[in-house]
Amino acid sequence: MPADSGAIAAGLPAREAQRSETQAFEPRGLLSIGTRLALRYSIATTALIGLLTFHLYRQIESYILGGAETELLRHAAAVAEAIARFPDDPRTLGAFLEMQIAGTRTDLRIAIDVWNDAGERIVSRDVLSPFDGPPPAWTPQQVGDHWIYPIERGAGHPTFALLARNEIGTTRVSLHGESFLESAAAIRNTFLLSIPLAILATGIAGSWLARQSLRPISEIAATARRISASPSSESIPVRGSGDELDLLAATLNEMLDRVRSGMERIRQFSADAAHELRTPLSVVRTRIEVTLEMERSPEEYRRVLEECLGDLTLLAEGVLSVLRLASSEAGLAPGSLERVDLAELVASVVEFFEPIAEEREIEIRYQRPPPCEIAGERVWLARLFSNLVDNALKYSDPGSSVRLEIQAGSDHFAVSIADAGVGIPSEAQARIFERFYRGETPRGAGLGIGLPLAQEIARAHGGTIEVESRLGRGSRFRVCLPRDAGAAPSAA
Amino acid sequence: MQILYVEDNPTACEYVRKGLAERGFQVDIATTGPAGLEKAQAHSYDLVVLDVMLPGFDGFVLLRRLRALGLDMPVIFLSARIEPRDRITGLNLGADDYLTKPFAFAELVARVRAIARRANGEPQAQRLVVGDLELDCKRHRVTRGDREIRLTPREFEILRYLMRCPGQVVSRNMILESVWGYGFECYSNLINVHINHLRKKVDEDHAEKLIHTVRGVGFIMEVRTASESLDSELLCAG
């Protein structure tokens, strides 16, 4: 067929094109996993550092301002003590307070004034109080407590004040909080400055980390590419650390092995097929050439043509069986699955071979079980079982019997075909499923495609074929087919 | 009988046309899908023989368009595609038969004749008669003269298939496909064994033989005396 050969010829350049396409692929820098990883890492780390810093700053700020509060409290306590000692002597009280202040840090500019309930200042000192007016009205519900110390900020001044209630009125202790605020600001600035540094550092660290952990992947990719471009049997090195990268390398190695053995099988298959077909082709050719070399009688021409037709018929059968084998290897088309009753199918195969068996004085025994339905292709399954039954009959002796049986498992059916024939030598048992393998068969067997075809059909249905055999005792082929072959993997 | 053969290989066309013409068929050739469709519309053919892989559009598309146009002449596919699903596709589209390449020319002729006969109206008789052999489809009974012949269910089906078209060559594959379905084609030669069993039951001890072998093709059912039968087989073998 010209269309066929065209498709084969067109297949080669298509494959070349595909290969060059894979070679042209390079990961794009902006979108590479490494960059994305580094970016995500530094965003996450920065967010974390920012949050921590903010929280820490709040803690430190409240600690620093707490220092101012402690200072204020200490003075307020002294004032309370002095008021208790000199309740009626504002002068002495004033001098006492003067003394009290004299021992303190000057930069705090501590001021103390005491006001009576009428709003008059009873005691004041020379240092200018940052507050001009009397303290705000006392809120009665807070009287119960001896010490009440809301901190006020003076308008425009970084001033803290503490108000305390006592017997003669209200005492206000105030101080300039500049130094406290300055330390808080210094810390805040340090923190603010460290954040961009942290971003930079985590970015660098992140991209380094990402590159480090991704480097083995790039190496694996490079090795895989090199291997796939060459027919060598090299494999991707597994470092033995047992991590995900080893898993990746091992998986890729398995895949490479499967691809390689598939390629090898295809190569072997076409070589074998070509070899098997070349001999009969050359026979026909020679016959025609020799016949044409001189004038011959019409009877002779006719005879040669008939012989050629016979050879070509065999050749065509050979080509067909090779094609069937090839197409069974492609697996089942999902759309072509139908319900097939194995019990009925096997019965019809038995009926087909019954007269042939009878002629060879062989008995076929088969007890048809209740329906055994699987999802599959009837035509292929008919080929599978007719191959096995034909085989069993071929190797059986007259007077013996061939037994067929179907066993129903929970998720599969097992069809066994047992003969009491010559048996298969153990060294040949492993090879009978190889294409074109012909053991020392008693009668001229075919191309050596029947059993491989049976195996491929079983495999395409998600099943298996096993053989047990003893020389001189017979062979038993067991075909296991899952009830639901719809999910069958295609032949790998 | 007028046949349209759509096939893009000129050598294949030439010999199929020659062979069919020598058997009294008139054959027109089209080499592309569109050309085939055009010719099929312009003339009323009794049969279309279709390749699947064709330039333009393939045989499946061609058949679909023919049917969409209301043309319901019989169609045989002659295809290099051996996948069961291709056959199913072809038959589901309404083809009458599906032959895979390489095919035996005699097989093609047998199928063309069978389809031609079917197109002329298939005998729906409950009783089929060839000579003094009678087959009662309803009661599953076969008699020759006044003697009943006991057949296995499959033998009965083979005989019924043969008797439906007396005087016509029936190929081994046609019997196989009609009685067992697809999947046994590797063993079509084994049909001989079934026919021999049948022949023993039907023809033994009778001077007039009914089942005859046509060498290289299949079988034919008709009344022949023993000597005629021998002659024709020698002629075929000649």
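Student: In this predicted model, which residue of β10(A) is the bridge partner of Val402(A)?

Tutor: Asp419(A) is the bridge partner of Val402(A) in β10(A). Now step back to the two strands. Strand β9 (residues 401-408) and strand β10 (residues 412-419) of chain A are joined by seven bridges and run antiparallel.

Student: In what order do the strands of that sheet stand?

Tutor: Read across the sheet, strand by strand. Here the order is β7-β9-β10-β12-β11 in chain A. The sheet is open, has five strands and shows mixed pairing.

Student: Next, the two chains. How many residues of each are in contact?

Tutor: Count each side on its own. Chain A has 26 residues in contact with 20 residues of chain B. On the chain A side, the elements giving two or more residues are α1 (2-24), α6 (298-329), α7 (342-359) and α8 (378-394). α8(A) gives the most, with seven residues.

Student: How does that side of chain A divide by class?

Tutor: The side of chain A that touches chain B has 13 nonpolar, five polar and eight charged residues.

Student: How do I read two helices packed together? Take α4 and α5 of chain A: at what angle do they pack?

Tutor: Look for the angle and the distance between axes. α4 (residues 178-229) and α5 (residues 244-292) of chain A pack at about 10 degrees, with axes 10 Å apart. That angle makes α4(A) roughly parallel to α5(A).

Student: Which residues make the contact?

Tutor: From α4(A) come Pro216(A), Ile217(A), Ile220(A), Ala224(A) and Ile227(A). From α5(A) come Leu245(A), Leu248(A), Ala249(A), Leu252(A) and Leu256(A). By class, the contact has 10 nonpolar residues, no polar and no charged.

Student: Let me zoom in on one. Is Ala249(A) buried or exposed?

Tutor: Count its neighbours. Ala249(A) has 21 C-beta neighbours inside 10 Å, so this residue counts as buried. The cut-off is 20 or more.

Student: What does Ala249(A) touch, leaving out residues up to four places away in sequence?

Tutor: Ala249(A) touches Ile220(A), Ile236(A), Pro237(A) and Val238(A). Ala249(A) and Ala224(A) are 25 residues apart along the chain, and their C-alpha atoms are separated by 9.2 Å.

Student: Now chain B. How many helices and strands does this chain have?

Tutor: Chain B has nine helices and 12 strands. Of its 238 residues, 37% are buried.

Student: What is the strand order in its five-stranded open sheet, and what is the pairing?

Tutor: The order is β2-β1-β3-β4-β5 of chain B, and the pairing is parallel. β2 (26-30) and β5 (97-100) of chain B stand at the edges with a single partner strand each, so each has one side without a neighbour in the sheet. Neighbouring strands are turned by 20 degrees against each other on average, direction ignored.

Student: Which helix touches β1 and β2 of chain B?

Tutor: Helix α1 (residues 10-22) of chain B does, and its direction makes about 165 degrees with that of β2(B). α1(B) has 13 residues and reaches 18 Å from its first C-alpha to its last, close to the 18 Å expected. Gly24(B) follows α1(B), with a positive phi near 90 degrees.

Student: One last feature. How many residues lie between the strands in the hairpin of β11(B) and β12(B)?

Tutor: Three residues lie between these strands. Gly216(B) takes a positive phi near 80 degrees in this hairpin. β11 (residues 208-214) of chain B and β12(B) pair in the antiparallel sense over six bridges. Across that pairing, Ile220(B) in β12(B) is the bridge partner of His212(B).

Key. Residues are numbered from 1 along each chain as its sequence is written. Chains are lettered from A and ligands numbered from 1 in the order in which they are written. This is a predicted model: local features need pLDDT of at least 70, side-chain atom pairs count only at pLDDT 80 or more; totals for chains, interfaces and linings use all residues. Two residues are in contact if their C-beta atoms, placed from the backbone, lie within 7 Å. Helices (H or I, at least four residues) and strands (E, at least two) are DSSP runs, numbered from the N terminus. Ala, Val, Leu, Ile, Met, Phe, Trp, Tyr, Cys and Pro count as nonpolar, Asp, Glu, Lys and Arg as charged, and the others, Gly among them, as polar. Two strands pair if DSSP finds at least two bridges between them. Axes are lines fitted to C-alpha atoms, for helices over the stretch in contact, and angles run from 0 to 180 degrees between N-to-C directions. Angles under 35 degrees count as roughly parallel, over 145 as roughly antiparallel, 65 to 115 as roughly perpendicular and the rest as oblique. A residue is buried if 20 or more other C-beta atoms lie within 10 Å of its own, exposed if 12 or fewer, and partly exposed in between; C-beta atoms are placed from the backbone. The expected span of a helix is 1.5 Å times one less than its number of residues.
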